[in-house]
Amino acid sequence: MTTQPTAAEPFTTIIGLEVHVQLQTKTKLFCGCSTTFGAAPNTQVCPTCLGLPGSLPVMNRHAFDLAVRAALALDCTIAPFTKWDRKNYFYPDLPKGYQISQYDLPFSSDGRLEVIDPKGALWRDVRIIRVHLEEDAGKSMHDEAAGTADTRIDLNRAGTPLCEIVTQPDLRSPQESRAWLNELKLLLAYLGVSDCNMQEGSLRVDANVNLHIPLAGEGGADGRLAKTPIVEIKNMNSFRSVERALVYEAARQWEEWQATKAEMGNTPKQTRGWDDAAGVTRAQRHKEESSDYRYFPEPDLVPVTVSEADIAKARAAMGDPPTVLRKALAEKWRIPAYDADVLVNQGRDLVDYFEDLATRVGEGKVASNWMQQDVLRTLNERGGTIGEFPVRPEAVADIIGRVTKGDFDTSRGREIFAEVLASGRPVADVVASMGIAAVSDDDLVSLCKELLAANPKIVADVQGGKEQAAAGLIGQARKKNPNVNPGKFRQMCLDLIRGM
Ligand code: ZN
Ligand code: MN
């Protein structure tokens, strides 16, 4: 990945991300209402999250602990003392007229999360400015189905705990930004902090992007840079949209800059919305300055203190993050970094399945091959989770064990796997019903002798050093008995010929 301007792309794309993640708690941040997604509108509300006069918020400590866990995994420093602030703005989905958030004393800051490419080389180390906790707003529903084109408000979401994660502008391409988001999502899922379901709005991304364009002086580049105005892109509802929107926006800014060639110093930040269907960004209202929000300390909540013991407890509950787990798996099971990456990227449950299988098989690489070629491939085809996958590790290990023993070869093993998957029957049943009886060593030897006697030319060729001639025997053997294991049969023929 180059970060230097090239002839094809004579600028550097500078990208920073702002991610909002809903925490996986049963109840809201400042009241006891349920956070379950999909309930009938306005059924999960109470005086506190509706902002009725006289109601008082009480912090959900579990939500705070989950947020601390996420911040620690992102290498952030946890503040020993943190407080709440009111962020004031008027919007129909914000019943109180303010959001309880954190302004000047966020609970954590100065973290980092690197993104690594599948080949194991470092792609980018992204610094995190801060992670803070705040409450979500309600949802506007633009109800055109009724033909009235009116807008209704659902406040079930109001008060749901949100972590806001803000990065430095350290990302250098749309592809890299998407990869980084995937890594963040994976990390949060491993931590059990969030389900990161973008369709349900559990994870939302805004992206800041502008271009740095080297200005050529008399004899070439003179070190001066033109910087296009920073644009904040909103309304992206998948990581793919994030990538597409950034590609579009970088090209748009480049075109716009070429028309003016201005150096553009301190132009104010602009906000543009992504239109996924049209594949374009469009100008939106200008973003408020922080002074417009009239932040002030929340008088109804006490500040939160975090002790060293709290941090130690959060660390203990954390488990291995994906970066650590990739290395640990590769070492423990002696599998390539690529294999570890593929397995870890599928989530904690798949890693558990793999470790169960590898323990039974005793061979990490063999287990990993079956995971990738059989388990993962069929899982991706049929959908669903690894927890619901009908072929359990013990069955896969049973098949692999029979292959290793020489009862049949790997391709026959694959057919049995497919049949176990389709029928849900035990491996032994499937093996019996498919007529795959293991050929006894005695039978194999006599078949081998019979064919050697009938094929003197092949015997002579092998004796003359052409081992590959033995392949001619395998076809004949399988015609006589389809259950013959080709690898085992070939080896036996070679041994017998050498002993002649
Ligand atoms: Zn409530
Ligand atoms: Mn926010």
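Are H20 and E164 buried or exposed? Both are buried (under 20% relative accessible area, with exposed meaning over 50% and partly exposed in between; 1.4 Å probe, protein chains only).

This is a predicted model, where local features need pLDDT of at least 70, side-chain atom pairs count only at pLDDT 80 or more, and totals for chains, interfaces and linings use all residues. Residues are numbered from 1 along each chain as its sequence is written, chains are lettered from A and ligands numbered from 1 in the order written, and side-chain values use heavy atoms, without hydrogens and water.

**View 1. The manganese ion (ligand 2) and its donors.** H20 (NE2), E134 (OE) and E164 (OE) coordinate the ion at 2.0 to 2.2 Å. Donors are N, O and S atoms within 2.8 Å of the metal (3.2 Å for Na, K and Ca); water is not among the atoms, so sites may look incomplete. Along the chain, the donors follow the spacing H-x113-E-x29-E. H20 lies in strand 1 (residues 12-22) and E164 in strand 10 (residues 161-167), so the pair ties together parts 144 residues apart in sequence. Strands are DSSP runs (E, at least two residues), numbered from the N terminus.

**View 2. Domain 1 (12-312) and domain 2 (320-433).** These bounds come from an automatic or database domain assignment. The domain centres, taken over C-alpha atoms, are 38 Å apart. Five residues from domain 1 and 13 residues from domain 2 make the contact (heavy atoms within 4.5 Å).

**View 3. The salt bridge of R326 and E183.** Their closest N and O atoms are 2.9 Å apart. A salt bridge puts a side-chain nitrogen of Lys or Arg within 4 Å of a carboxyl oxygen of Asp or Glu. Between domain 1 and domain 2, the count is one salt bridge.

Terms used
Helices (H or I, at least four residues) and strands (E, at least two) are DSSP runs, numbered from the N terminus.
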